[in-house]
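I opened this structure to see how its parts are arranged. My entries follow in the order in which I looked things up.

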Amino acid sequence: MRENLRLTGTHVGCDTSQCGACVVHLDGKAVKSCTTLAVMADGHEVKTIEGLAADGAPLHPMQEAFREHHGLQCGFCTPGMIMTAVDLVHRKGHELSDEVIREELEGNLCRCTGYQNIVASIAAGAKAMAKSDLA
Ligand code: FES
Ligand code: FES
């Protein structure tokens with residue numbers, strides 16, 4: 001995806017399924033792409049962070065929430081965090097407690113933020129997705 005399609009939002013952190021920087025959606029579900037073989041995606045829909053909102057269109061509500069609530073510093077983990085967060089909302093709904101968000105982020109590592117603003121961003125993004133066509 002990064003080298004052939006130039007979709008460079010998906011990052012390679014650990015390459016061993018630990019950090020979550022590589023999370024994309026496979027048929028709408030969050031997966032770690034570093035340990036998903038291309039053959040496993042054959043015939044399925046793969047969505048990267050670039051696909052969350054159309055070019056030139058407003059950001060997806062979860063992206064906007066990360067921007068508004070300072071949910072990133074260097075940004076390396078951010079695409080994976082956002083793709084994980086969108087999947088979390090699809091599975092657990094729009095009212096997410098800090099406890100649930102923190103538990104669900106166990107597969108996503110951030111070296112910069114201390115997580116507090118990421119958790120706040122996801123809680124706000126989850127609420128905003130309830131009012132958006134891009135949910
Ligand atoms: S690069 Fe895939 S989980 Fe770290
Ligand atoms: S914002 Fe830098 S690793 Fe998360």
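I began with helices H2 and H5 of this predicted model, which pack at an angle of about 145° with their axes 8 Å apart. Axes here are lines fitted to C-alpha atoms, for helices over the stretch in contact, and angles run from 0 to 180 degrees between N-to-C directions. Helices (H or I, at least four residues) and strands (E, at least two) are DSSP runs, numbered from the N terminus.

Next I looked up which residues make the contact (C-beta atoms, placed from the backbone, within 7 Å). H2 gives Pro61, Met62, Glu64, Ala65 and Phe66, and H5 gives Ser121, Ala124, Gly125, Ala128 and Met129. I sorted these residues into seven nonpolar, two polar and one charged. In this sorting Ala, Val, Leu, Ile, Met, Phe, Trp, Tyr, Cys and Pro count as nonpolar, Asp, Glu, Lys and Arg as charged, and the others, Gly among them, as polar.

I then checked burial in H2, residues 61-68, and found Pro61, Met62, Gln63, Ala65 and Phe66 buried. A residue is buried if 20 or more other C-beta atoms, placed from the backbone, lie within 10 Å of its own, exposed if 12 or fewer, and partly exposed in between. The buried residues of H2 pack against H3 (78-92) as well as H5 (116-129). Just after H2, I noted a positive phi of about 55° at histidine 70.

I turned to the strands. Three of them form an open antiparallel sheet in the order S2-S1-S3; strands pair if DSSP finds at least two bridges between them. S2 (29-32) and S3 (46-47) are the edge strands, each with a single partner strand, so one side of each has no neighbour in the sheet. S1 (residues 23-26) is joined to S3 by two bridges, and histidine 25 has lysine 47 of S3 as its bridge partner. H3 packs on the sheet, where it touches S1 and S2, and its direction makes about 40° with that of S1.

Last, I took the whole protein. I counted five helices and three strands, which run β-β-α-β-α-α-α-α from the N terminus on. The C-alpha trace spans about 35 × 30 × 25 Å along its principal axes. Of the 135 residues, 36% count as buried.

A note on conventions: residues are numbered from 1 along each chain as its sequence is written, and chains are lettered from A and ligands numbered from 1 in the order in which they are written. Local features need pLDDT of at least 70 and side-chain atom pairs count only at pLDDT 80 or more, while totals for chains, interfaces and linings use all residues.

Notes: Two residues are in contact if their C-beta atoms, placed from the backbone, lie within 7 Å.
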